[in-house]
Amino acid sequence: MTLQAIFTGAHVTQVGELTGRSSLSLMAEAGLAAIADAGLAAADIDGLLCAYSISEPHPMLTSWYAEYVGLSPRTMLSIQMGGATGCMLVAQAAALIEAGYCRNVLIATGENRLSGLARDGAVAALADFGHPEFEKPYGFSIPAAYALVAQRYMHEYGITLDELADIAVTQREHAMRHPKAHKRTPITRDDVNASRIIASPLRLLDCCLISDGGAAVVLSASDSAKDTRHAEVALLGSGQGHTHEHLVAAPSLVDFGCRQSAAAAFECAGMTPGEIDVAEVYDSFTITLAVTLESSGLLGRGEAGPAVREGALRLNGRLPCNTHGGLLSFGHSGAAGGLFHVVEAIEQLRHAAGDRQVADAAFAFVHGCGGVMSAHSSLVMGRVA
């Protein structure tokens, strides 16, 4: 297929508790660094896409950001689809380029979700995900909803608590190799199993972090990418899948829209899951990663537990996954959390990931998930020869 959208710039900020930083300042740092990484000037950016911030909400965040950093793009859009936002922004940027509206599109995300909210603020801000009639009155929370998924998945496919713990341990091993990761202290399976129950069977270390941080990427038209510093990573395919918004309306607790989104992305790319060298998959909880790996076809049903136990997801395994540490250990900064996965895929395909580099990585699968396994967006990316 003809490659039209090329990743030319990428950047992530330091991730963790960054006291004194605003969402806009994190977005600005990431965005301006991504433009510089591409070898472009601010005037070259003719498309701007941003996400949202729950710590500093604004109804026109993209416009505010453009004003803040001094950009004057002719096309600006915002997307708000939870953890699927980052991948959806990439697909939208590619669509703008392929339609001829833009030649260089900046995607900027960032949030001071940890330092910018009061204690338990993120939990309170996300409580609106619950259905007002059928979920909230009964004590709905996002961890409780994912715990329900975990309970059913354990019953159907036999994944164990120890195998979920091994997912968290593997992610931490990868984060220890990334100098910008939020958590870099080693953990063991016993540490995960001993961490307090948040919503049974999920324990504290089965849950993603709450972090401050920003991420940005630049996509360019392939015929203009020759003038940028990096032009070797292309978007080959993308897809979405949606089965529900509220978990009470989900047609299944084991089969979600990640199956459709991945299938669409692979079909668009003309590839199969078996051709993927590295996977960067949304991991809001350990169970999220297990379900998505199996639903996307990267692993068969019931294979995630044995695979992680055997080391398949490690850097030298047969399916290196979340090589930066994922949301579980690298960090989760709202919509930037999903874009962290995209930036890591770019670095892996550039062969610029340092001592966490997957040898000879040529193709990557990236996935974002919003809500409670509600909104799904998948990308297939490739290194251009």
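Contact here means heavy atoms within 4.5 Å, and the exercises below apply this to a predicted model.

**Exercise 1. Describe the overall build of the chain, from its contacts to its dimensions.**

Step 1: Among contacts in the chain with a separation of 6 or more, 77% are accounted for by residues 24 or more positions apart.

Step 2: The chain holds twelve helices and eleven strands. Its radius of gyration is 19 Å, close to the 21 Å that the globule rule gives for 385 residues, so the chain is as compact as a globular protein of that length.

Step 3: The C-alpha trace spans about 55 × 40 × 40 Å along its principal axes, and buried residues make up 60% of the 385 residues.

**Exercise 2. Work out the order of the strands in the open sheet of nine strands, and state which are the edge strands.**

Step 1: Reading across the sheet, the order is E3-E2-E4-E7-E1-E8-E11-E10-E9, and the pairing is mixed.

Step 2: Strand E3 (75-78) and strand E9 (278-281) are the edge strands, since each pairs on one side only.

Step 3: On average, and with direction ignored, neighbouring strands of this sheet are turned by 25° against each other.

**Exercise 3. Find how many bridges pair strand E10 with strand E11, and name the bridge partner of Cys-369.**

Step 1: E10 (residues 363-370) and E11 (residues 375-383) pair in the antiparallel sense over eight bridges.

Step 2: The bridge partner of Cys-369 in E11 is His-376.

**Exercise 4. Determine how helix H6 and helix H9 are oriented to each other, and which kinds of residue make the contact.**

Step 1: H6 (residues 161-175) and H9 (residues 286-295) pack at an angle of about 100°, and their axes are 9 Å apart.

Step 2: Angles of 65 to 115 degrees count as roughly perpendicular, so H6 is roughly perpendicular to H9.

Step 3: H6 contributes Leu-164, Ile-167, Ala-168 and Gln-171 to the contact, while H9 contributes Thr-286, Ile-287, Leu-289 and Ala-290.

Step 4: Sorted by kind, the residues of this contact are six nonpolar, two polar and no charged.

**Exercise 5. Decide whether Phe-266 is buried or exposed, and list what this residue touches.**

Step 1: Phe-266 lies in helix H8 (residues 258-269).

Step 2: Buried means under 20% relative accessible area, and Phe-266 counts as buried because its relative accessibility is 4%.

Step 3: Leaving out residues up to four places away in sequence, Phe-266 touches Met-271, Thr-272, Pro-273, Ile-276, Ser-296, Leu-298, Phe-365 and Val-380.

Step 4: Gly-302 is 36 residues from Phe-266 along the chain, and the C-alpha atoms of these two residues are separated by 21 Å.

Technical notes:
Residues are numbered from 1 along each chain as its sequence is written. This is a predicted model: local features need pLDDT of at least 70, side-chain atom pairs count only at pLDDT 80 or more; totals for chains, interfaces and linings use all residues. Side-chain values use heavy atoms; hydrogens and water are left out. Axes are lines fitted to C-alpha atoms, for helices over the stretch in contact, and angles run from 0 to 180 degrees between N-to-C directions. Helices (H or I, at least four residues) and strands (E, at least two) are DSSP runs, numbered from the N terminus. Angles under 35 degrees count as roughly parallel, over 145 as roughly antiparallel, 65 to 115 as roughly perpendicular and the rest as oblique. Ala, Val, Leu, Ile, Met, Phe, Trp, Tyr, Cys and Pro count as nonpolar, Asp, Glu, Lys and Arg as charged, and the others, Gly among them, as polar. Buried means under 20% relative accessible area, exposed over 50%, partly exposed in between (1.4 Å probe, protein chains only). Two strands pair if DSSP finds at least two bridges between them. The radius of gyration is taken over C-alpha atoms; the globule rule is 2.2 Å times the number of residues to the power 0.38.
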